[in-house]
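Trainee: I have a model open and want to learn how to read it. Where do we begin?

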Amino acid sequence: MNLNLQGETAIIFGGARGIGLAIAQEFQAEGAGTILVDRSPDTPEVAKTLSGYGYVLDVTNLDEVAKVVANLKSSGISIHHLVYAVGIGSGQFG
């Protein structure tokens, strides 16, 4: 599939594993840059596998999210797509 995403950037909250990671992988396959935001300490390493950026934080903390956005903005990175895939598995099925 060609969605013409080359040169665009997606930020995926909850992107270090599960559905969020699968979405990030698809954005990358379509040529988009990826920024993963997750509370998992593995986030930076996972992001490296996608040649993207990774931030470890709790997305319920507005101050932390604002710092990431400010950091991206000051770095000249534009965000074209935002995915919010944050959730907690049910144990048996999560």
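Mentor: We will go through a helix, a salt bridge, a strand residue and a surface patch. Keep in mind that this is a predicted model.

Trainee: How many residues does helix H1 have, and what span does it reach?

Mentor: Helix H1 covers residues 18-29, twelve residues in total. From its first C-alpha to its last it reaches 17 Å. That is close to the 16 Å expected at 1.5 Å a residue.

Trainee: Which residues of H1 are buried?

Mentor: Start with the general idea. An α-helix has 3.6 residues a turn, so residues three or four places apart point the same way. Now the case here. Gly20, Leu21, Ala24 and Phe27 are the buried residues of H1. Looking down the axis of H1, these buried residues fall within an arc of 120 degrees, so they line one face of the helix.

Trainee: Which residues of H1 are exposed on the other side?

Mentor: Gly18, Ile19, Glu26 and Ala29.

Trainee: What follows H1?

Mentor: Gly31 does, and its phi is positive, near 95 degrees.

Trainee: On to charges. How many salt bridges does the structure hold?

Mentor: The general idea is this. Side chains of opposite charge can pair when their charged atoms come close. This structure holds one salt bridge. Glu45 forms it with Lys48, and their closest N and O atoms are 3.3 Å apart. The cut-off is 4 Å, so the pair counts.

Trainee: Where do Glu45 and Lys48 lie?

Mentor: Both are in helix H2, three residues apart, which is about one turn of the helix.

Trainee: Is Lys48 buried or exposed?

Mentor: Exposed. Lys48 has a relative accessible area of 56%, and over 50% counts as exposed.

Trainee: Now strand E2. Is Thr34 buried or exposed?

Mentor: Thr34 lies in strand E2. Its relative accessibility is 3%, so Thr34 counts as buried.

Trainee: Which residues is Thr34 in contact with, leaving aside neighbours within four places in sequence?

Mentor: Ala10, Ile12, Ala24, Phe27, Gln28, Leu50, Gly52 and Tyr53.

Trainee: Last, the surface. Which residues make the nonpolar patch?

Mentor: Leu82, Tyr84 and Val86 make a nonpolar surface patch of about 330 Å². Take Leu82 as the example. Leu82 sits in strand E4, residues 81-84. With a relative accessible area of 59%, Leu82 is exposed.

Methods:
Residues are numbered from 1 along each chain as its sequence is written. This is a predicted model: local features need pLDDT of at least 70, side-chain atom pairs count only at pLDDT 80 or more; totals for chains, interfaces and linings use all residues. Side-chain values use heavy atoms; hydrogens and water are left out. Patches are made of residues with over 30% relative accessible area and no salt bridge: like charges are joined within 9 Å, nonpolar side chains (Val, Leu, Ile, Met, Phe, Trp, Tyr) within 5 Å. Accessible areas come from the Shrake-Rupley method with a 1.4 Å probe; for residues, only the protein chains shown count as cover. A salt bridge is a side-chain nitrogen of Lys or Arg within 4 Å of a carboxyl oxygen of Asp or Glu. Helices (H or I, at least four residues) and strands (E, at least two) are DSSP runs, numbered from the N terminus. Buried means under 20% relative accessible area, exposed over 50%, partly exposed in between (1.4 Å probe, protein chains only). The expected span of a helix is 1.5 Å times one less than its number of residues. The arc is that of the directions from the helix axis to the C-beta atoms. Contact means heavy atoms within 4.5 Å.
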